[in-house]
Amino acid sequence: MDERIAAWAEVLVGYCTSVQPGDRVAISGGIAAEPLLRAVFRQVVLAGGYPAMNPNLGGLQAELLGAGSDAQLEFISPIEQFERLEADVSIRINAETNTKSGSSVDPSRNAKFDLARGDLRRAYMERAASGSLRWTLTIFPTDAYAQDAEMSTAEYAEFIFAACKLNDRDPVIAWRVLHQEQARLIGWLSPRRTLRIVGPGTDLTVGIGGRNWINSDGKRNFPSGEVFTGPIEDSANGVLRCSFPVMTGGREIADVRLRFEQGVVVDASAAKNEAFLLASLDTDEGARRLGEVAVGTNFDINRFTGQILLDEKIGGTAHVALGAGYPDSGSTNRSAIHWDLICDLRNGGRIEADGEPLMIDGRIVI
């Protein structure tokens, strides 16, 4: 085993989720991540927690969406309930071996599946905000992810290790340094009332007055590197063009363009899979409003990979999310979806707060 796998597990169990004796710990992930799953299981045992392992086989979600009845799509399994409603800690490891397995599923089936889990998602977010659930999500290098990123698997693995700061002698110290830098940004942003994102095809203004900025420092998303908040629900005005495709449900939605008026998407288009975009916007009332606005700060993630866990953290970018907001940010937007949409600002873009520049051409300037 690569010694960095053991270090990875130690960080997930120690730094990210602080597993304590007696904690009920839900561990889930694709079987391609077996080395990391085993290492995490061992670290939970050493920490005195009670591990509950749920390894996943690839393609099962697509099977359910494609062949299941409405009742089967809406069924919430005891495993889902345990992870979201009962566990003290959730550690999830993405490790897909075919990222396009759901690409032929009818979009309405995805919407039905998501809607059935709306209350579960809401309860999960509320538990996380209250501190009764500690969770983290990471991504294991697989052939499929490497292919999407146009890298060899070995190259992609090194990319992940660098993004997670696992090459540092003490990764936890490295994440604490990033925490301090992001705290500086939050200190500057917190008194501001409006945020404006300008880039190719994008000029979007949102209200942020009175909202809480969250320091995403590797505890929940691993890797991380962003500061985010929930914009005021009726404040978004302007246009947004995504610099990168949206990858969700086994689909690539390319060249997404949205127009907002008083917080609501009133016009939407995409050059590829537009029907899926429009169906997702009609999932529920909150799907056309923003639940998040964020600034990417992880400069070890410097290229698009097709995995939102990584891409939304690219240093020098901004992103917004359609749908559900995080309660601890102050967002009150509720939805069964949470779609992150990225704007690359590294070549002719900027972020302003109350008219003052925060980022120009991908560089923090405060």
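Which backbone oxygen does the side chain of H338 reach? In this predicted model, the side chain of H338 comes to 2.7 Å from the backbone oxygen of A324. The side chain of E292 is a further partner, making a polar contact with the side chain of H338 at 3.1 Å.

H338 belongs to strand 17, which covers residues 338–344. Its relative accessible area is 17%, and a residue counts as buried under 20%, so H338 is buried. Apart from neighbours within four places in sequence, H338 is in contact with R121, E292, A321, L322, A324 and Y326.

R121 also takes part in a helix contact, that of helix 5 with helix 7. Helix 5 contributes E80, E83, R84, L85 and E86 to the contact, and helix 7 contributes L120, R121, A123, Y124 and R127. Of these residues, six are charged and four nonpolar, with no polar ones.

In soluble globular proteins, nonpolar side chains tend to be buried together. The largest nonpolar core here has 50 residues, and W8, L12, L36, V40, F140, Y156 and F222 have the most contacts inside it. Helix 1, residues 3–16, gives the most to this core, with eight residues. Beyond its neighbours within four places in sequence, L12 is in contact with T17, L36, V40, I91, T136, T138 and F222. A second, separate core has 41 residues, among them V246, I253, L290 and L341.

Terms used: Residues numbered from 1 in each chain as written. Predicted model: local features only at pLDDT ≥ 70, side-chain atom pairs only at ≥ 80, totals over all residues. Heavy atoms only, no water. Contact = heavy atoms within 4.5 Å. Helix = DSSP H or I, 4+ residues; strand = E, 2+ residues; numbered from the N terminus. Nonpolar A, V, L, I, M, F, W, Y, C, P; charged D, E, K, R; others polar. Buried < 20%, exposed > 50% of the residue type's maximum accessible area, 1.4 Å probe, protein only. Polar contact = N/O pair within 3.5 Å; in protein donor to acceptor, adjacent residues only side chain to side chain. Core = buried A, V, L, I, M, F, W, Y, C linked by side-chain atoms within 4.5 Å.
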